[in-house]
Amino acid sequence: MTDAEFQAAFDQHKDAVYRFAWRMSGSPAAAEDITQDVFVGLLRYAGRFDPARGTLRAFLLGIARNLVLKHWRAEHRFEPLDDEAFVAESLDLERGDIGDLVG
């Protein structure tokens with residue numbers, strides 16, 4: 001990819017990538033970082049884009065999606081779990097058939 005091709009791709013798709021990353025992440029700062037990473041990735045690995053598989057915009061948005069998910073996983077890795085969300089009702093096995101309790 002030439003410098004001119006990269007600049008044209010950046011100018012044409014940067015806003016769409018940023019808006020997409022912002023909507024998915026909910027964070028303008030994260031969207032900026034993700035947008036930068038998308039285009040750095042395009043510059044470094046331009047050969048991975050195959051026009052036979054889709055448009056450049058779809059390719060870039062796919063990269064953005066993966067980066068947003070990676071960012072989200074990293075930020076939410078150590079969030080404490082809400083104990084009440086996992087509380088199940090006790091089963092009284094004396095009360096009936098196991099099939100009735102499960103069904």
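Is lysine 14 buried, partly exposed or exposed? At 27% relative accessibility, lysine 14 counts as partly exposed (buried is under 20% relative accessible area, exposed over 50%, partly exposed in between, with a 1.4 Å probe and protein chains only).

The model is predicted, so local features need pLDDT of at least 70 and side-chain atom pairs count only at pLDDT 80 or more, while totals for chains, interfaces and linings use all residues. Residues are numbered from 1 along each chain as its sequence is written, and side-chain values use heavy atoms, with hydrogens and water left out.

**View 1. Lysine 14 and aspartate 15 form a salt bridge.** Their closest N and O atoms sit 3.8 Å apart (the cut-off is a side-chain nitrogen of Lys or Arg within 4 Å of a carboxyl oxygen of Asp or Glu). A search of the whole structure turns up 1 salt bridge. Aspartate 15, at 43% relative accessibility, is partly exposed.

**View 2. Helix α2 (residues 28-44) packs against helix α3 (residues 56-75).** Helices here are DSSP runs of H or I, at least four residues, numbered from the N terminus. The angle is about 130°, with the axes 9 Å apart. That makes α2 oblique to α3 (under 35 degrees is roughly parallel, over 145 roughly antiparallel, 65 to 115 roughly perpendicular, the rest oblique). Residues meeting here include Ile34 and Phe39 in α2, and Phe59 and Leu67 in α3 (contact means heavy atoms within 4.5 Å).

**View 3. Alanine 30 is a buried residue of helix α2.** Its relative accessibility is 5%. Leaving aside residues up to four places away in sequence, alanine 30 touches Ser25 and His71. Alanine 30 and valine 68 are 38 residues apart in sequence and 8.1 Å apart in space, C-alpha to C-alpha.

Notes
Axes fitted to C-alpha atoms, helices over the stretch in contact; angles between N-to-C directions. Helix = DSSP H or I, 4+ residues; strand = E, 2+ residues; numbered from the N terminus.
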